Every structure is written in structure tokens, then in C-alpha cells.
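Hello,

Here is the structure for you to look over. My notes on its cavities and its interface follow below.

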Amino acid sequence: MGFWEQMLLGFFHFRRISPQPAQLKLYTSSPLRSHWLGGSKKGASSLSLLAIHKGITVLFTGNSPSTLTMIVDTHVHIWDEKYCSREMLDAIFAHRATLPTDSTAQRRLMPIPMEAWLEDLRGALDKAIVIGIDITRVFGTRIPDQFLLEFIKMDPDLLLAYTGVEPLDENNNFKEEVLDEVEKSVNEYGFKGVKLMPVHGNYYANNKKLYPLYEKCLDLRIPILFHLAGSSFPKAMLKYADPIVLDEVAVDFPELRMGLAHFGYPWAETCCVLLQRNRNLFVDISEVLYRPRWVASGLQLAKEYGVLDRIFFATDGPGVCRPVEKYVEWCRTGLNELCKNSGLPTFTQGEIDGLLGDNAVKFLGL
Amino acid sequence: MRWQNNMIIDAHTHIWDETYASKEYLEEALSHRKRVGDVDPAATKHWMPLPREAWVAELKEAGIEKAIVLAFDLTRVFKTKIPDDFVADYVKEYPDFLVGYGSAEPLDDVGKFKKSVLDDVEKAVNEYGFKGLKLYPWYGNYSADDKALYPLYEKCLELKIPVLLHVSPENLPKAYLQYGTPLPLDNVATDFPGLKIGIAHFGSPWMTECCLLMQKHPNIYVDISETFYRPTQLTWGLIMAKEYRVLNRILFGTDGPGLGRPVKKTVNWLKTDLNRLSRGSGWPTFDQDEINGILGANAARILPL
């Protein structure tokens with residue numbers, strides 16, 4: 001492409017991303033960009049002046065146009081302490097205390113009122129998936145579907161929900177009734193997925209007793225999100241946390257979409273090979289955004305494994321990684337700054353757009 | 001052979017022939033090549049992407065002075081087998097250049113040890129002059145530390161040949177990741193301290209585990225074949241190997257002719273790109289002895305060739 005063609009390409013690429021003011025993005029190839037930004041900016045100046053005159057923000061960005069359709073947080077919560085056991089509350093506060101959370105979040109399950117949380121989400125996102133939790137077996141805690149339903153009704157365009165399921169009873173038998181419950185969540189409440197927490201339920205995700213549940217989710221065409229990652233809860237044993245066991249499930253259910261929450265920390269490498277082998281798997285980067293160098297290196301690895309297009313932005317808020325906007329912004333700019341400073345390859349505009357929403361939109365069909 | 005410090009050994013190559021592959025395996029292997037990175041388009045269509053003469057010429061032109069060629073027995077799950085005698089014929093064509101390794105599928109359909117493999121291995125060594133054995137636990141759905149395999153390890157010890165194991169996953173369905181991790185080799189290395197045990201593909205993605213295993217067991221080594229498609233990961237792995245002080249048991253390999261080509265580019269990655277990446281990241285760099293070690297000196301010291 002010649003100089004003028006490149007300029008024209010950039011010139012006409014307007015994009016408005018809610019909730020920011022109108023922007024004019026100038027997309028140029030990198031040598032041209034360095035000339036504009038580091039050099040005289042001749043080519044850009046008249047264009048910028050015109051845009052500024054029209055009240056449009058001018059951004060100089062990477063060398064490919066943004067394709068971002070929606071910003072999606074694929075993993076958020078809504079809490080109420082009345083549904084939780086004392087043991088679970090103590091465990092979660094202790095866990096939050098190990099993270100750079102605000103002090104309120106270390107004392108209150110819901111650190112801000114529900115309305116404020118909704119505003120936080122609205123300000124930063126186009127879609128948010130609210131994840132239910134059922135860890136009755138070991139932690140005596142269940143956030144009921146009804147409670148999630150009330151919340152998502154507050155902004156049905158923004159909010160979607162997944163139901164939390166505890167699939168085994170105290171004697172390690174499969175709870176047949178969960179099949180009906182999941183069906184009800186989907187058909188009656190319009191929920192879009194299931195959340196399982198093997199590490200907090202003390203079971204392996206590839207336990208064959210769970211297979212009827214996986215079949216049900218396949219029938220209903222809904223994804224399952226797994227907490228297969230570390231946990232600092234006492235009684236949540238790490239042997240159940242290693243995401244490697246999901247390989248067998250993915251091979252046995254190649255059509256069932258399954259997600260690994262929290263980038264399967266600390267097993268990012270295992271996640272990458274799991275995704276490379278199984279195209280039905282995805283990863284969310286909720287909570288671990290607190291460890292930016294680790295996430296950046298995980299994303300580098302995902303890029304090298306060719307699986308970056310199945311990694312989704314997520315926060316795990318409101319208890320952690322709040323305000324959401326701050327973490328959206330980190331993905332937009334902070335990630336590449338970190339990579340650049342470390343001498344690592346940077347991510348293209350398309351890859352960042354994918355991470356922030358496009359990947360989830362495509363893969364989950366939002 | 002007389003060894004000079006700057007000679008290059010490719011410790012991991014193959015010879016392919018589609019008549020020996022099941023349709024299922026072949027499709028998966030080609031699909032893996034498509035996904036792994038920038039691969040010769042011919043290699044995404046044909047298991048053997050170029051004639052063997054051209055392949056050997058490419059190796060030699062890149063400065064390789066010895067290449068280990070591995071037989072490939074995946075009978076149990078994938079009904080695919082590049083047999084020892086096929087490899088032996090190929091080695092006979094280039095006796096000064098190629099070193100053959102046999103391959104065995106040690107368990108039968110019901111998970112019982114196949115006693116016949118003991119004779120096969122003996123034949124491979126005594127008749128074909130092979131210098132090692134390749135096992136594929138990950139493709140065979142068995143764990144490398146399955147006690148049923150111990151007679152085979154004993155046989156290798158007796159024949160004084162190394163065992164190279166594929167404990168590192170690719171894209172194949174039906175091959176579960178739980179059999180793909182290098183960690184079970186801890187048990188094997190403990191029970192057979194005299195047996196040389198190789199981990200192919202740097203146990204990718206579990207390079208950290210490999211470093212730990214090598215630190216613990218002086219009889220374990222790794223080859224870095226196939227990992228060139230993920231340069232940041234490989235650089236990081238080599239930095240870790242340096243920090244664990246096990247870099248002198250890291251061996252160069254391409255995994256060619258399907259992957260790791262052009263060979264010259266792969267060799268040059270180690271010679272120049274590796275240090276460029278390390279320096280750019282502010283990490284320690286590798287000196288000439290360390291790089292020569294990976295390229296050939298380590299293999300010459302560790303392996304019978």
C-alpha cells in the first residue's frame with residue numbers, strides 16, 4: 001500500500017466507542033506512524049486540527065483498524081452475605097486480604113451498593129456476565145438464581161447470568177435434580193451458562209458422575225465455566241484445581257464449550273495447551289489482572305500457541321479488580337506498555353479488541 | 001566420531017511414509033502442523049513434505065553432521081507405525097550421517113505389557129545398529145511410570161541405550177493431557193538411575209518441570225525440537241535451564257522434516273535470535289560454549305552416536 005492509500009485508510013476510519021466521546025483514530029503502518037509521531041507530524045496536523053475543530057478526539061493507534069464491537073466482562077458477581085456461611089465469608093475476606101483490594105472489600109462481601117456496582121459496569125462495558133455460585137457441599141453457600149435474576153432485570157441489555165451448580169451430594173453421588181434446575185435456569189430465567197467450582201466442591205472435573213450434567217449443557221447449547229485454578233480457601237484442595245483434568249472432558253465432549261476462569265492460575269501453560277488441543281475451550285483473565293506481569297506473559301504464551309482468540313477479558317468484581325474501567329484501560333494501553341518496556345512483542349489492535357470483547361462475542365454468541 | 005566443539009547434531013528427526021499412517025492420525029498430524037505456526041505449506045498436505053534425498057541435503061547444508069532418526073509406534077490408539085525396519089533401510093542409505101532409534105508400543109489393548117517388544121528392541125540394537133528407543137506415552141494413553149513398562153526399561157539399561165519419551169502434548173484428540181506431562185519420569189529416573197532418559201520437545205509447555213527433573217536427576221536430558229514455533233517460551237525455558245544449571249543437558253533437534261524447517265533458519269535462531277531476544281528483554285545472554293553445547297556438544301557427550 002502506498003503512502004496516500006494508507007493515509008486515506010486511516011482518514012476515513014471513524015469509530016465511536018461508548019461511553020467515550022467521539023474519536024477519530026488514525027491508523028498508519030508503523031514506519032509511517034513513527035514519522036508522524038516522532039517526526040514533523042506534517043501529514044497528521046491538518047487532519048487533527050480539523051477533527052479537534054469538530055470536537056472529535058484524535059488518537060494515534062496501531063497499524064490496523066479497530067474492530068471492537070462490544071466490551072464484555074465475562075465474569076462478574078453479585079453478592080449478599082445472607083446466602084453465605086460464616087466459614088465462606090472468613091475464607092473470602094482472608095483471600096481478598098492477600099490481594100491489593102480496598103479495605104471495604106476485606107470486610108464486606110459486596111463492597112459497594114448494588115446500584116453503584118451497576119453504574120460501574122454500565123460505565124465501562126457493553127455486556128457483563130453475572131456468575132452464580134453454588135458451593136453447598138463444602139462451604140454451605142449458594143447464591144440463588146432468583147437473586148441473580150433480580151439483578152440482571154435491572155439492565156437486561158447489559159447483564160447476562162450463569163447459574164451456579166453443585167453437582168455432587170455429601171456421599172459423592174450425582175444430584176439428579178440439578179438437571180431440572182439447569183433446564184429451568186435456562187428456559188425459564190433465560191440464563192446463558194453454568195458455573196462449576198470443582199476446587200471448592202472437592203471433586204475432579206473429569207469425574208464420570210458429572211457426565212449427565214455435561215450432556216444436559218450440550219443439549220441446552222450452553223457453556224460451562226469452571227473454577228479450575230488456585231484457591232486460598234481452606235478445604236479447597238489444589239489437587240482438584242489443576243485444569244489438566246478438563247482435557248478428558250473436552251475430548252469426550254468436543255462440542256461443549258467450556259471455560260477456565262482466572263487463566264487457570266498458576267497453570268497458564270497448561271491452559272494454553274488445553275486450548276491448542278481443544279477448540280471448545282476458552283479462558284477468562286478475571287482476578288489475575290492483579291498480577292499484570294504474569295497475565296502479560298500468559299498472553300504472550302497464548303499468542304505463541306495461537307489461542308489468543310479464545311481469551312476473554314473479565315474482572316471477577318465487585319470484590320476484586322474494581323473499578324472495571326481501570327482494567328479495561330489496562331488491556332487497552334497498559335498491557336502493551338508493559339510488553340514494550342520488557343522487550344516483549346506487543347499485541348496488535350485486533351488482538352486487544354479480541355481480548356476486550358470480540359472473542360467473547362464470537363465464541364459465546366453474545 | 002571425532003568431535004569438534006562447533007559441530008551440529010540434530011537429535012530429533014523423522015522419516016514419514018503415509019502408507020503406514022491411519023487416516024485419522026494423518027489428518028490430525030497435518031492439522032497440527034497447520035496450527036503450530038509458520039510451516040512449509042507442503043508439510044500441511046503431506047506427511048513427508050519432500051523427498052528423503054532433499055531432506056538429508058537440507059540437513060547437511062544447514063551444517064548438521066549427525067541426525068538421529070526415530071521410528072514411530074502408535075499402534076495402540078492411533079493405528080500408526082513407522083516400523084524399525086523401514087528406518088533401518090533409510091539409515092543404511094546414509095550410514096555415516098544417520099543414527100536410528102527404534103520405537104515400541106509397550107502395552108496392548110487391555111493395558112498388558114507386550115513381552116515381544118523386548119525382542120524387538122534387542123533386534124533393533126543388535127541387528128539394525130540402533131542407538132536408542134523412542135516411546136510415546138502420551139499417544140499411547142499410558143503413564144511413563146506404569147510399572148508394567150519396567151521390564152522394557154531394564155532391557156534398555158542392559159543394552160546401554162537411552163530412552164527418549166514424548167511427554168508433551170499436541171492437538172490430538174484421544175490422547176489425554178494427563179499422560180502428556182513429564183512429571184512421572186521422576187519415578188522412572190529414581191528407579192533406574194543408570195538409564196539415560198530423554199524428554200522430547202522440552203516437555204513443552206512444562207519446561208519448568210523439565211528443569212526441575214534435570215536438576216534432580218543427572219540421567220535426564222531434553223531436546224528442544226518443535227519448540228521453535230514459540231520463541232518467547234523457548235527463550236524463557238532456556239533461561240530457566242541456565243538458572244537451574246542444567247543447560248548442558250539441553251539438545252538441539254528439529255522434529256523435521258514435517259516441522260522445524262528450514263533447518264538453517266532453526267539453527268540460526270539458536271545462533272543469533274536467541275540472544276537478541278534475551279538481550280532485548282534485559283535477560284542474561286548465552287555464551288558461545290553454551291550455544292555450541294545445545295547445538296551439538298551436549299548430545300555428543302551424553303548420547304551414544
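The largest cavity has a volume of about 290 Å³. Here a cavity is a set of points on a 1 Å grid over the protein atoms alone where a 1.4 Å probe fits but cannot get out, with lining residues having an atom within 4 Å of a point; a volume is the space filled by probe spheres set on the points, which are joined across faces, edges and corners. Its lining has 23 residues, and Ile92(A), His95(A), Phe233(A), Glu287(A) and Asp316(A) are the closest to the centre. Helix 4 (residues 86-97) of chain A supplies the largest share of that lining, four residues; helices are DSSP runs (H or I, at least four residues) numbered from the N terminus.

This is a predicted model: local features need pLDDT of at least 70 and side-chain atom pairs pLDDT 80 or more, while totals for chains, interfaces and linings use all residues. Residues are numbered from 1 along each chain as its sequence is written, chains are lettered from A and ligands numbered from 1 in the order written, and side-chain values use heavy atoms, without hydrogens and water.

The second largest cavity holds about 190 Å³. Among its 19 lining residues, Trp16(B), Tyr25(B), Glu170(B), Asp255(B) and Leu259(B) lie nearest the centre.

Between them, chain B and chain A bury about 2000 Å² (accessible area, 1.4 Å probe, lost on being put together, summed over both). In chain B, Arg35(B), Tyr176(B) and Leu177(B) lose the most area to chain A, together 28% of what that side buries. The count of salt bridges (Lys or Arg side-chain nitrogen within 4 Å of an Asp or Glu carboxyl oxygen) between the two chains is zero.

Regards

Terms used
1 Å grid on protein atoms, 1.4 Å probe; cavity = no way out; pocket = protein on both sides within 12 Å on 5 of 7 lines; lining within 4 Å. Helix = DSSP H or I, 4+ residues; strand = E, 2+ residues; numbered from the N terminus. Buried area = accessible area lost by both parts, 1.4 Å probe.
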